[in-house]
Amino acid sequence: MKNLVISPAIEEKITLKHQITRQDVEQCFLNRARSYLTDNRVDYQTEPPTEWFIAENNRGILIKVVFIFDDGLIYLKSAFPPNSTEIRIYNTISIPY
């Protein structure tokens with residue numbers, strides 16, 4: 001995914017803290033089966049809006065991917081294993097394809 005932008009700081013964080021690679025994130029975008037959700041929490045609102053989804057990588061590991069889409073580019077904000085509340089919210093609110 002040439003339009004996926006991951007800053008060195010974010011890449012270091014997701015790799016060291018969560019053992020998630022760029023390839024894992026790209027796989028999640030390709031494997032996504034439900035719609036994106038917008039983060040509406042007051043402390044996390046951005047312009048353009050922060051969006052997120054949960055999908056499996058090719059090894060079957062669930063990952064929550066948080067990003068901003070701007071001018072054709074996807075700026076990764078974070079990627080990490082989702083907790084049970086995030087999974088429940090995503091599966092309840094997002095629309096399957």
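**Exercise 1.** Which residues does Leu-76 touch, not counting residues up to four places away in sequence?

*Solution.* The model is predicted: local features need pLDDT of at least 70, side-chain atom pairs count only at pLDDT 80 or more, and totals for chains, interfaces and linings use all residues. Residues are numbered from 1 along each chain as its sequence is written, and side-chain values use heavy atoms, leaving out hydrogens and water.
- Apply the contact criterion, heavy atoms within 4.5 Å.
- The partners of Leu-76 are then Leu-4, Val-5, Ile-6, Ile-10, Ile-14, Val-25, Val-65, Val-66 and Phe-67.

**Exercise 2.** Determine which members of the largest nonpolar core touch the most other members.

*Solution.*
- Take buried residues (under 20% relative accessible area, 1.4 Å probe, protein chains only).
- Keep Ala, Val, Leu, Ile, Met, Phe, Trp, Tyr and Cys joined through side-chain atoms within 4.5 Å.
- The largest such core holds 22 residues, of which Leu-4, Ile-14, Val-25, Phe-29, Phe-53, Val-65 and Leu-76 touch the most other members.
- Two or more core residues come from each of helix H1 (8-18), helix H2 (22-31), strand E3 (50-56), strand E4 (62-70) and strand E5 (73-80).

**Exercise 3.** State the order of the secondary-structure elements from the N terminus on.

*Solution.*
- Assign DSSP runs: helices (H or I) of at least four residues and strands (E) of at least two, numbered from the N terminus.
- The protein chain has three helices and five strands, in the order β-α-α-β-β-β-β-α.

**Exercise 4.** What share of the 97 residues in the protein chain is buried?

*Solution.*
- With the burial cut-off of Exercise 2, buried residues make up 40%.
- Along its principal axes, the C-alpha trace spans about 35 × 30 × 25 Å.

Terms used
Buried < 20%, exposed > 50% of the residue type's maximum accessible area, 1.4 Å probe, protein only.
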